[in-house]
Amino acid sequence: MIYSIPKPIKIRKIKQVFCKDYIADIPLYISQAFQASNLPSKIKPGDKIGITVGSRGIANMNIIAKQLINELKNIKAEPFILAAMGSHGGATSEGQREVLASYGITEESMGVTIYSSMETTRIGIIADKVPVYFSQDALKADGIIALNRVKLHTDFESDLESGMSKVMVIGLGKKDGAESIHSLGIYGLKEILPQAAQLIINKTPIIQGIGIVENGYDQTMEIEFCTPENIIQTDKKLLKKCREVFPSLPTEKIDILIAQEMGKNISGTGLDTNVIGKLGINGVDDSHKPDISKLIVLDITDESHGNALGVGLADVTTRKLVNKINFKDTYANTITSTFLKRAQIPVTVETEKEALEIAYKTCWQPDIEKLRLIIVKNTLELENLLISKAIWDDLQNNKSIIANGDWEELSFNENKEIINKL
């Protein structure tokens, strides 16, 4: 099938201006925050202290974790890392270690043991029906530091979404805990997860929460230590901060959005639902902003290890991406989440040029001069975009938008891959 585009599409690069606040010296910041917390007085020499590290691509996580390890060693504790990522990494111990290694977190680089067993213990029941599971490795610790980024969730909107609470309940719940919470769909995430977090705080050796907030450029903006009893409230407070600085696309009406890549290191859903305005959950309202007629995704990151959960949020993709999918890992993650639609394979074509032609044919905008096209590298890096003239006409007087290049034709190489890269 060949669908032609009547004439070349004119595009130009723009730059969006987001919040730039960031922590310049992270090791120093961590050291000072650690000393100001109650941890030095709470931890005894020889105490075995676990630090949670999940599967998300969190900026500077290796630096943050390493400095925490240094601080703990300085007070004669025995720190270790707890792989805390639910069913990710194919729901295997080895897979979760591979995910951590892809972020530069290994036993060699951190100088401590990494525990990644999937074995759990049921520690209680919520609402008389929902079992709460917790890592057996974690239960053996003298203390656990719940370290995680606080971020908007890709499945729902509430005052408590992704953060320290989630890393305790789903991260340290391993596959069992993730399945238990996700088995109730959105209700489980919104209503049960906070209750499960409180139960874990009450019944396990959680001794501190550390919440991270990133700015609009995915730089570490805030790191807050909090006592166990304040974890849930701190999650809520930091989520408000995250919402204030969260980057977005510059317009609400888009005919075609092209994402050059998707990935688990970019978002839990590969394509961040908060950016594309589409949840892909049966029975849940999908009329969110922005309104994107057709979404194309071209490739998947190496850091995803073939986990393509979220590919079903796209309308068109390439054979190159599909050939990289590890269906075992993708399905393990997707089935645990219960949102099967997100793993469905979109219309798949051999070339990037054909993907654009099909999107143009089906986006209900036949006038090429009025076509509202945006190209992003991925849904995490939204500072630099390529846009069509119809989009520019709306944005040219916006002080948060800077033209960052001349007009050029959207073009393709001999393999029919888009040349205009970000």
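## Salt bridges across the chain

A search of the whole structure, which is a predicted model, turns up 23 salt bridges. Let's start with one that spans much of the sequence. Lys 7 and Glu 369 meet through their side chains in a salt bridge, with 2.5 Å from N to O. Lys 7 sits in the segment before strand 1 (10–16), while Glu 369 belongs to the loop between helix 14 (352–362) and strand 14 (373–376), so the pair ties together parts that are 362 residues apart in sequence. How accessible are the two partners? Lys 7 counts as partly exposed, at 38% relative accessibility, and Glu 369 also counts as partly exposed, at 48%.

A second pair to look at is Arg 243 with Glu 161, a salt bridge whose closest N and O atoms are 3.1 Å apart. This pair links distant parts of the chain: Arg 243 is in helix 10 (residues 231–245), Glu 161 is in the loop between strand 7 (143–149) and helix 7 (164–171), and the two are 82 residues apart. Is Glu 161 buried or exposed? With 4% relative accessibility, which is under the 20% limit, Glu 161 counts as buried. Arg 243, by contrast, is partly exposed, with a relative accessible area of 35%.

## A network of charges

Next comes the salt bridge between Glu 417 and Lys 320, where the closest N and O atoms are 3.9 Å apart. Glu 417 lies in the segment after strand 17 (408–409) and Lys 320 in helix 12 (residues 319–323), so to speak two distant parts of the chain, 97 residues apart, linked by the pair. Both ends are partly exposed: Glu 417 at 28% relative accessibility and Lys 320 with a relative accessible area of 32%.

This pair also belongs to something wider. Salt bridges with shared partners join Glu 417 and Lys 320 with Asp 299, Lys 324, Glu 352 and Lys 421 into one network.

## A nonpolar patch on the surface

Phe 327, Tyr 331, Ile 335, Leu 340 and Ile 345 make a nonpolar surface patch of about 460 Å². Ile 335 has its place in helix 13 (residues 327–337). With a relative accessible area of 54%, Ile 335 is exposed.

## Where Lys 389 meets Lys 10

Lys 389 is found in helix 15 (residues 389–395) and counts as partly exposed, at 40% relative accessibility. Which residues does Lys 389 touch, leaving aside those up to four places away in sequence? They are Lys 10 and Trp 407. Lys 10 is 379 residues from Lys 389 along the chain, yet their C-alpha atoms are separated by 6.6 Å.

In soluble globular proteins, nonpolar side chains tend to be buried together. Here, the largest nonpolar core has 40 residues, and those with the most contacts inside it include Leu 249, Leu 257, Val 297 and Ile 387. Among the elements that each supply at least two residues of this core are strand 10 (253–259), strand 11 (291–297) and strand 15 (384–388). The largest share, four residues, comes from helix 10.

Not counting residues up to four places away in sequence, Leu 249 touches Gln 16, Ile 254, Leu 257, Val 275, Pro 290, Ile 292, Val 376 and Leu 382. Apart from this core lies another, of 38 residues, among them Ala 141, Ala 146, Met 164 and Leu 172.

How values were computed:
Residues are numbered from 1 along each chain as its sequence is written. This is a predicted model: local features need pLDDT of at least 70, side-chain atom pairs count only at pLDDT 80 or more; totals for chains, interfaces and linings use all residues. Side-chain values use heavy atoms; hydrogens and water are left out. A salt bridge is a side-chain nitrogen of Lys or Arg within 4 Å of a carboxyl oxygen of Asp or Glu. Buried means under 20% relative accessible area, exposed over 50%, partly exposed in between (1.4 Å probe, protein chains only). Patches are made of residues with over 30% relative accessible area and no salt bridge: like charges are joined within 9 Å, nonpolar side chains (Val, Leu, Ile, Met, Phe, Trp, Tyr) within 5 Å. Accessible areas come from the Shrake-Rupley method with a 1.4 Å probe; for residues, only the protein chains shown count as cover. Contact means heavy atoms within 4.5 Å. A nonpolar core is a set of buried Ala, Val, Leu, Ile, Met, Phe, Trp, Tyr and Cys residues joined through side-chain atoms within 4.5 Å.
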